[in-house]
Amino acid sequence: MIRHLLSGADLDAGTATEILDTAAEMAAVAGREVKKLPALRGRTVVNLFYEDSTRTRISFEAAAKRLSADVINFSAKGSSVAKGESLKDTALTLQAMGADAVVVRHSASGAPHRLADWVDGSVVNAGDGTHEHPTQALLDAYTMRSRLGRLAGLSVAVVGDVLHSRVARSNVLLLSTLGAKVTLVGPPTLIPVDIAAALAPGTAVCYDLDAVLPSVDVVMMLRVQRERMNDSYFPSAREYARRYGLDGARMRRLPEHAIVMHPGPMNRGMEITPEVADSPRSTIVEQVANGVSVRMAVLYLLLGGNNR
């Protein structure tokens, strides 16, 4: 097993499959009356979040606690970071406290990689800038495999704001490694020209959502990250929804078995309508639940399963 999880590129097919299989075993724990395992008793996991987060932070916290680890939640707001403390000095402080794993979310792309140079424990990237979010890709892959029974050979459309999406990048890398074919769909202004070739040679790019819907197994809608947009990337929210939003009519063009995914939080009515988000085809709530099992698997294999 790898020492850190910083990128989807860190995972080969065997390691990724081991994590997904372990997550399936962890999911069985959620159905028990006592949802805890003693696997990481005595270990300390630090959640180091420089950006606001609800789903990811709580998911990692729940995962660590279910494995009986001690959890320290560190928020940049109200800490020494607000007084100007550098990432390196924060890392050295955590090192001195004996952190066995640091789960980090940071607005700067590459911050987890730097952190991994400064601490002895494992580092898990919980999202860095517009770069990557590997555990989100793992939980998405787990959800696809749970619903559709396989990953190899699946056709997956990743739709929307690819330019600012760390979720898209990690999913392209991981799903391609596991044998799925990924098509990036969105307006030309939100799909970097060379991203498909840079991430995975088999990745396709399409600017017409309606053209790809009849032939895909999975549609993954991305949140339009308006907070990261300094320029106008499309005429209006209404125009974006008309061209690239997934509504009931478009959902009915999907194959009967196809599923709809979204990493959350959603802009309901923009990239996805309530009718689609709340439909039986939607896996959005499942993704949240699966996230805990997948993150349990990651922490277990990094800290417990490899007997470091």
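**Close-up 1. What α12 brings to the largest pocket.** Helix α12 gives the most to the lining of the largest pocket, with 6 residues. Helices (H or I, at least four residues) and strands (E, at least two) are DSSP runs, numbered from the N terminus. The model is predicted, so local features need pLDDT of at least 70 and side-chain atom pairs count only at pLDDT 80 or more, while totals for chains, interfaces and linings use all residues. Residues are numbered from 1 along each chain as its sequence is written, and side-chain values use heavy atoms, with hydrogens and water left out. Elements giving two or more residues to the lining of the largest pocket are α2, α5, α6 and α12.

Close-up 2. Lining residues have an atom within 4 Å of a point. The space inside the largest pocket comes to about 620 Å³, where grid points are joined across faces, edges and corners and the volume is the space filled by probe spheres set on the points. Of the 31 lining residues, T56, R105, P263, G264 and P265 lie nearest the centre. By class, the lining splits into 10 nonpolar, 12 polar and 9 charged residues.

Close-up 3. An unreviewed UniProt entry carries a "binding site" annotation for R55, T56, R105, H133, Q136, G264 and P265. The lining of the largest pocket takes in R55, T56, R105, H133, Q136, G264 and P265 from this set. UniProt positions are in the numbering used here, feature names are shortened, and annotations may be inferred rather than shown by experiment. The unreviewed entry also has a "binding site" annotation covering K83, R166 and R223. Of these, R166 and R223 are included in the pocket lining. R166 sits in helix α6 (residues 166–177) and counts as buried at 9% relative accessibility. Buried means under 20% relative accessible area, exposed over 50%, and partly exposed in between (1.4 Å probe, protein chains only).

Close-up 4. Q136 belongs to helix α5 (residues 134–148) and is buried, with a relative accessible area of 7%. Not counting residues up to four places away in sequence, Q136 touches V167, P263, Q287 and R295; contact means heavy atoms within 4.5 Å. P265 is in the loop between β9 (259–261) and α11 (274–277) and counts as partly exposed at 40% relative accessibility. Leaving aside neighbours within four places in sequence, P265 is in contact with R55, R223 and E271. The peptide bond joining G264 and P265 is cis, with omega about -10°. Most residues other than glycine have a negative phi, and most peptide bonds are trans.

Close-up 5. With 12 residues (55–66), α2 reaches 16 Å from its first C-alpha to its last, close to the 16 Å expected at 1.5 Å a residue; the expected span is 1.5 Å times one less than the number of residues. Buried residues in α2 are T56, S59, F60, E61, A63 and A64. Their cover includes β1 (44–49), β2 (70–75), β3 (101–106), β4 (122–128), α5 and α12 (284–303). Just after α2, S68 takes a positive phi of about 70°, although S68 is not a glycine. S68 is in the loop between α2 and β2, and counts as buried at 16% relative accessibility.

Close-up 6. A277 lies in helix α11 and is buried at 8% relative accessibility. Among the contacts of A277, leaving aside neighbours within four places in sequence, are M266, R268 and I272. A277 and M266 are 11 residues apart along the chain, with their C-alpha atoms separated by 8.8 Å. T183, in strand β6 (residues 181–185), is buried too, at 10% relative accessibility. Not counting residues up to four places away in sequence, T183 touches V156, A157, V158, A204, C206 and V212.

Conventions. 1 Å grid on protein atoms, 1.4 Å probe; cavity = no way out; pocket = protein on both sides within 12 Å on 5 of 7 lines; lining within 4 Å. Nonpolar A, V, L, I, M, F, W, Y, C, P; charged D, E, K, R; others polar.
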